[in-house]
Amino acid sequence: MLRHRLRTALTALTGVLLAGGLVATTPQVARAADPPPLPLPVSCGPTAWKVSQHYEDFKASDGPWRVAPGDNLEVTVTKSDTVELSTQFTAGMSVEYVVAKVNLEIQIGAKASWTSSVGLKTNTVSPSHEITFVSYGIFTERVFLTREWLPAGCNAGMEHFVGHESALWVNLPKSEGFKKVTQGTGRGGGSAPGPTNPPAPPQPQPVTSVHGLPDGTLLHTTDTRRIYKMVGGAPVWQATCDGGICDSTPRPTYQSVIDAGPKVPRNGSSAIDQRGRVYIFAGGAPLHQSHCNSPVNCGRPPKISDWSVDARDHMNRVPSDGTLVQGWNGGNGTPVAQVVGGARINFGSPQEVVDTGHGADWPSKVVIVSDYSFNNLGTVPADGTLVQGTGGGSSTPVAMFVAGSRINFASPEEVVETGYGANWREKVRAIPSRAFNEFHADIPPDGSLVQGIANGVPTPVAMMLGGARINFASPQEVIDAGFGTDWASKVRTVPARAFNMIRADVPDDGILIQGTGGSTPVAAIIGGARVNFASPQEVVDSGFGTDWASKVRPLPGRAFSLIPDRIADGTRVKKASSSSQAGIVGRAKVPFVSMDELIACGFGEKRMWTIPDRVWDALPTRIADGTRIAKSGASSEAAVVGGARVDFHSEAERNDAGYGTKAREVVPARVWDAMTTKIADGTRIAKSGWSSEAAVVGGARVDFHSEAERNDAGYGTKPRLVIPVRVWDGMTTRIADGTRIAKSGATSEAAVVGGARVDFHSMDELQQAGYGTKPRLVIPARVWDGMTTKIADGTRIKDAGSLSQAAVVGGAKVPFHSMEELTASGYANVPMQVVPQRVWQSLPTEFADGTRLKSPDSAAVWLVTQGRRSPTDAATGVWTVPQRVIDAVPLA
């Protein structure tokens with residue numbers, strides 16, 4: 001039904017599937033290497049397919065020719081016909097695979113297709129008391145394939161998904177030839193008189209209607225030569241009479257009478273097969289009973305062939321929609337449930353049964369079965385089932401099931417466009433609103449192929465992988481991903497709106513992926529990122545087991561490359577070769593030194609993902625700018641700005657800076673306390689609540705007066721990091737000594753020395769002064785031009801071309817003749833700033849008027865005026881210089 005509906009939907013789309021710019025027509029034959037079934041829960045898997053039963057069948061291409069008793073007739077074949085292998089390819093098997101498997105197991109030499117010959121002749125002599133019917137055609141082998149799921153029943157409720165079948169019939173053409181069938185005339189054959197040859201007894205009259213026949217009645221179709229047995233009022237075809245199945249004389253009838261009878265047994269009727277399995281019929285389907293203890297009533301079940309049950313002849317594979325069932329065992333009953341799409345939907349109250357349209361007399365409609373058969377019905381309706389929740393006088397939207405997921409419709413037009421026709425309302429099954437809402441919504445399971453449609457325009461075809469939608473760009477991508485050349489028949493049509501609601505980014509964590517055809521490494525999705533493996537051992541060491549290869553999901557290499565490789569914040573990771581664990585915070589690895597620390601940061605309940613040592617070691621350890629962090633065990637919060645921790649003093653301050661809606665990432669108190677509070681140079685900052693922006697240069701806030709100024713300085717493309725007003729106002733505006741700066745819009749570069757701009761006249765000068773490896777920080781031309789070129793007093797400088805050092809005092813260079821002099825003058829702990837030799841040599845050597853001096857060994861203070869010194873009582877603003885320097889200044 002679903003496949004027919006899907007093909008109808010595809011036909012409505014002008015017979016083609018569009019995937020982006022691709023056109024893909026529905027293929028005729030699946031390729032040999034079809035994909036395995038969709039993934040089931042861990043530890044649930046099928047055994048190999050095996051031939052359970054088989055028998056010969058025949059399809060006539062010419063004839064039948066009637067040969068009267070005693071006649072001799074020669075016939076010539078003039079008509080031809082073709083028989084092709086028929087099967088349900090949703091089981092995940094190709095035609096080639098089925099043919100090869102059956103031929104190997106039962107040695108019949110079948111083919112996928114057979115066209116009968118013409119021109120052949122045969123001569124037939126019919127016995128004197130029999131009529132012979134001669135036909136020419138193709139002999140086929142009807143084969144029943146089965147497999148089991150381990151552990152038993154683990155696929156309950158999944159049987160309607162692609163690749164989850166447990167049994168199917170195939171009909172394989174194997175040879176051609178004449179088939180001759182004789183039929184007695186019912187007359188005596190001798191010429192002796194009277195009593196020596198009495199007339200044949202009268203034949204039973206053919207049955208003209210099966211209605212009202214008691215269960216167990218045997219019927220023989222004289223035209224198709226089949227044996228049927230009445231079960232629950234329905235005639236069920238028997239594959240054999242062994243084991244007492246044909247325990248009475250069959251009554252003659254015709255196939256047309258059988259076909260006009262009930263299609264399935266009535267509710268509550270029973271049967272037993274050759275294996276001794278007892279079945280109770282519910283909604284036309286045989287439900288295997290684990291016991292017949294009251295109130296389960298198995299009655300006196302007629303015996304039928306195994307094949308009859310396995311082939312579901314005159315039976316439904318699953319109970320029909322709306323069937324009410326209840327399981328019992330040892331006096332304990334399950335909830336009453338209705339069957340929808342082959343699955344049971346449990347009711348929570350009698351009112352729910354009434355609300356879904358079963359009437360006040362619903363108890364009389366319930367089929368009582370064993371709890372085993374009740375539970376084996378599963379809980380997920382089949383693909384394509386239409387449902388609507390009802391209860392409390394209101395209804396939910398109408399929804400369709402796609403591979404176990406509920407896809408809601410937003411309008412009647414969406415239902416029609418998805419292929420349900422204008423009469424879609426007749427196909428909707430009412431279920432309790434409570435049950436409706438319990439179904440997983442919007443996200444089909446892994447391996448589903450989906451395509452959206454709206455206003456006759458289809459979306460790309462996409463595969464579901466780890467809860468995400470992976471769009472295909474071409475038919476070849478679909479085939480390469482393992483969906484076979486018949487992939488178009490597996491596509492589920494959904495409203496384009498629902499299609500677009502499915503996230504199209506990254507599969508769920510823990511999924512193993514690889515670009516099709518081995519075009520990429522194998523990778524795991526961890527923290528929403530693609531973590532590539534460099535070797536099979538890395539996959540094993542990361543906890544995916546030695547059978548990891550069976551868990552890898554193929555996807556186009558193009559889609560593989562689009563998945564990010566940065567592990568998301570909040571992910572808990574472990575190093576493969578050790579017990580080390582860390583949390584990802586601001587793209588960085590923040591290791592935990594104890595489980596207490598890990599738990600205190602909120603990672604205790606998170607799943608741990610093991611990553612290769614190589615990946616662990618390569619993770620950054622600096623928390624990214626713009627991250628909102630919190631101190632473990634405290635209420636303190638901060639933003640990371642320029643690698644620094646910028647604390648918030650209130651929620652208002654945090655929210656005004658734009659961090660209120662960001663994820664709160666908790667770090668250990670140890671890590672919090674160790675973080676710097678100095679914003680790194682080159683950071684673009686903004687004042688909270690204002691349009692003001694600045695760059696951090698040499699630890700200082702260098703304001704921009706316009707966007708053009710900011711962009712010219714190269715900060716327009718940098719992240720804009722907002723800081724609280726309090727922090728902005730508290731920042732210095734003096735660029736730190738030792739900073740390498742450049743003029744915006746020019747090639748000019750300089751060093752900041754003693755608060756002054758010391759220009760470099762060449763790259764050689766810059767290199768010799770030791771600034772070649774320092775970061776080049778661009779400042780606005782306005783700021784450059786406004787900087788002083790006078791080095792501040794108290795600055796310790798060094799000549800780039802020699803070992804000479806000096807202090808700047810009163811605007812003059814005061815060289816030190818030894819480290820002892822430098823230390824005695826108090827400059828041992830003052831940072832040394834290297835200046836170009838040209839600048840060193842050009843510095844003045846005379847003190848500016850008003851300079852106050854003293855020597856290290858004397859308390860006397862001297863005031864310099866016009867190049868001469870005189871004693872002064874001033875105690876502030878005094879610079880210590882070597883005594884020889886003071887002695888060189890003439891007395892006033």
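This is a predicted model: local features need pLDDT of at least 70, side-chain atom pairs count only at pLDDT 80 or more; totals for chains, interfaces and linings use all residues.
**Charge over ring.** I count a charge as sitting over a ring if NZ of Lys or CZ of Arg is within 6 Å of the ring centre and within 35 degrees of the ring normal. With that in hand I looked up Lys-111, which lies over the face of Trp-114 at 4.7 Å from the ring centre. I also found the charged end of Lys-687 over the ring of Trp-690, 4.2 Å from its centre.

**Ground rules.** Numbering runs from 1 along each chain as its sequence is written, and side-chain values use heavy atoms, with hydrogens and water left out.

**Aromatic pairs.** I searched the whole structure and got 13 aromatic pairs. My cut-offs: rings of Phe, Tyr and Trp (its six-membered ring) pair if their centres lie within 6.5 Å, with planes under 30 degrees apart called stacked, over 60 edge-to-face and the rest tilted.

Why is the pair of Phe-592 and Phe-603 tilted? The planes are at 55 degrees, so tilted is the label, and the ring centres are 5.3 Å apart. Phe-592 is in the loop between strand 39 (588-591) and helix 13 (595-600), and Phe-603 in the loop between helix 13 and strand 40 (608-611), so this pair ties together parts 11 residues apart in sequence. Helices (H or I, at least four residues) and strands (E, at least two) are DSSP runs numbered from the N terminus. I checked burial (under 20% relative accessible area is buried, over 50% exposed, partly exposed in between; 1.4 Å probe, protein chains only). Phe-592 is buried at 11%, and Phe-603 is buried at 3%.

Next I took Phe-816 and Tyr-827, a tilted pair at 5.6 Å centre to centre and 50 degrees between the planes. Phe-816 belongs to strand 55 (residues 812-816) and Tyr-827 to the loop between helix 21 (819-824) and strand 56 (832-835), so the pair joins parts 11 residues apart in sequence. Phe-816 is buried at 11%; Tyr-827 is buried too, at 4%.

I also logged a cluster: ring pairs link Tyr-228, Trp-237 and Trp-307.

**Nonpolar cores.** For me a core is a set of buried Ala, Val, Leu, Ile, Met, Phe, Trp, Tyr and Cys residues joined through side-chain atoms within 4.5 Å. The largest has 22 residues, and those touching the most other members include Phe-472, Phe-483 and Trp-487. Which helix gives the most to this core? Helix 9 does, with four residues. I then found a second, separate core of 20 residues, among them Ile-526, Val-539 and Ile-611.
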